[in-house]
Amino acid sequence: MFVSSPHGNLGFTTNQMMRIVAYATLPGLAAQIYFFGWGSLIQAILCISTALIAEAVVLSLREKPIRRTLSDGSAMLTGLLLALSIPPLAPWWIAVIGTVFAIIVVKQLYGGMGFNLFNPAMAGYVVLLISFPVAMTNWLPPTELLQHPMAFGDAFLAVFTGFTYDGYNLTQLKMSVDGITMATPLDHFKTEQILNYTTTEILNSPLYGEYGGTGWLEVNLAFLLGGLALLKLGIIRWHIPVAVIGSLGVCALLGITIAPDQTYPLSFSLLSGATMFAAFFIATDPVSASTTNQGRIVYGCFIGVMIYIIRIWGGYPDGIAFAVLLANMCVPLIDHYTKPVTYGHKRRREAKS
């Protein structure tokens, strides 16, 4: 029988699965806090709180059981995934708008968990990115490159007022130790390419580490660690993460072969931005992803290729959210052509012929 996701054949309840996925994000969250400050923790608290309140309001209006639905953990996880995607010092209303859209429009208006066509966190992220591009691209340089390091109180004030305790705004906070305003490695790379710098010249910036960018390498490895734990526990299957990483890697290798001074290095493609976070935590959403093994591979490869295309030729530095949503649109078609054949069906069809 071919049925829709999510499936619960692992002995875990929905609540347990959601909590395990949330626990698996903790290494990545800890790495983001260490390299980019306390803002990531503040955004997580803000997004999770907003998600729970928004879902409770909609459930009340729909006259659905509130406590039982909230206890499944899906709203909490959606808020957490969105929080991990937005800049740590994004204004508080960014987190609220994105989370409200993800929960109310993308999830609940489609019928609740199990009925949404799109990944709620990524849909909320894209709405924010298109509507507030400046606020959504204001990532700080790693803490070690900051000219004005921040404590928790400074991050809290920056999120809710736009200024730290000492009166620094976000533009001043983005100044590195050498006095240069810096962006994320992917954003910086794309900007420098437009200015006709070669890959070798671009990578001389202090923003880039040995492999995937200072801080971003460690964040990606932390999410990889959490993703491997999910694979070990059987919460997710290998098909989508391997397909995403493999197809992105193949595209990067082809780009390096064809134009080595005009494209990202392989390690940079795989270990910068939100690559590992997307491969293990976003693309593997059991509701909006493909439901067949062959389909998952096609789905993952599509995401990996689209990430590369958007990064190289698109107008956005990372492109992961757009790649995932485009893949979500294709899931019905992918599942239709990769649906397993019922036992004996092919034999009966051959007998008729």
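The text below begins with the overall fold and then turns to one helix, a surface patch, several individual residues and the salt bridges.

The model is predicted. The protein has 19 helices and zero strands. Of its 353 residues, 52% are buried.

**Overall architecture**

**Helix α7**

- Helix α7 covers residues 120-131, a run of 12 residues.
- The distance from the first C-alpha of α7 to the last is 17 Å, close to the 16 Å expected at 1.5 Å a residue.
- This helix is mostly covered, with nine of its 12 residues buried.
- The buried positions in α7 are P120, A121, M122, A123, G124, Y125, V126, L128 and L129.
- The packing partners of these buried residues are α5 (74-85), α6 (92-107), α8 (133-136), α16 (275-282) and α18 (320-338).
- At the start of α7, the backbone nitrogen of A121 has a side-chain oxygen of N119 within 3.1 Å.

**L129, a residue of α7**

- L129 is part of helix α7, and it counts as buried because its relative accessibility is 6%, where buried means under 20%.
- Apart from residues up to four places away in sequence, L129 touches M136, T137, Y316 and F322.
- The C-alpha atoms of L129 and G98 are 9.5 Å apart in space, while the two residues are 31 apart in sequence.

**Nonpolar surface patch**

- A nonpolar patch on the surface is formed by W38, W92, W93, I97, F152, F156 and F160.
- Together these residues present about 630 Å² of accessible area.
- The elements that supply two or more residues to the nonpolar patch are α6 and α9 (152-161).
- I97, one of the patch residues, is located in helix α6.
- The relative accessibility of I97 is 36%, so this residue counts as partly exposed.

**T275 in helix α16**

- T275 belongs to helix α16, and with 1% relative accessibility it counts as buried.
- The side chain of T275 makes a polar approach to the backbone oxygen of S269 at 3.1 Å.
- A polar atom of the T275 side chain also lies 3.0 Å from the backbone oxygen of S272.
- Beyond its neighbours within four places in sequence, T275 contacts N220, L248, S269, L270, R311 and I320.

**E63 in a loop**

- E63 sits in the loop between α3 (39-61) and α4 (66-70).
- The phi angle of E63 is near 55 degrees, which is a positive value in a residue other than glycine.
- E63 counts as exposed because its relative accessibility is 73%, where exposed means over 50%.

**Salt bridges**

- The count of salt bridges comes to two.
- One of them joins E55 to K107, with the closest N and O atoms 3.0 Å apart.
- This pair links distant parts of the chain, as E55 is in helix α3 and K107 is in helix α6, 52 residues apart.
- Both members of this pair, E55 and K107, are buried.
- Another salt bridge joins the side chains of D318 and R311, at 2.8 Å from N to O.
- D318 has 17% relative accessibility and therefore counts as buried, the limit being under 20%.
- R311 has 1% relative accessibility and therefore counts as buried.
- R311 is also among the residues in contact with T275.

Conventions
Residues numbered from 1 in each chain as written. Predicted model: local features only at pLDDT ≥ 70, side-chain atom pairs only at ≥ 80, totals over all residues. Heavy atoms only, no water. Helix = DSSP H or I, 4+ residues; strand = E, 2+ residues; numbered from the N terminus. Expected span 1.5 Å × (residues − 1). Buried < 20%, exposed > 50% of the residue type's maximum accessible area, 1.4 Å probe, protein only. Contact = heavy atoms within 4.5 Å. Polar contact = N/O pair within 3.5 Å; in protein donor to acceptor, adjacent residues only side chain to side chain. Patch = residues over 30% accessible without salt bridge, like charges linked within 9 Å, V, L, I, M, F, W, Y side chains within 5 Å. Areas by Shrake-Rupley, 256 points an atom, 1.4 Å probe, with all protein chains shown as cover. Salt bridge = Lys/Arg side-chain N within 4 Å of Asp/Glu carboxyl O.
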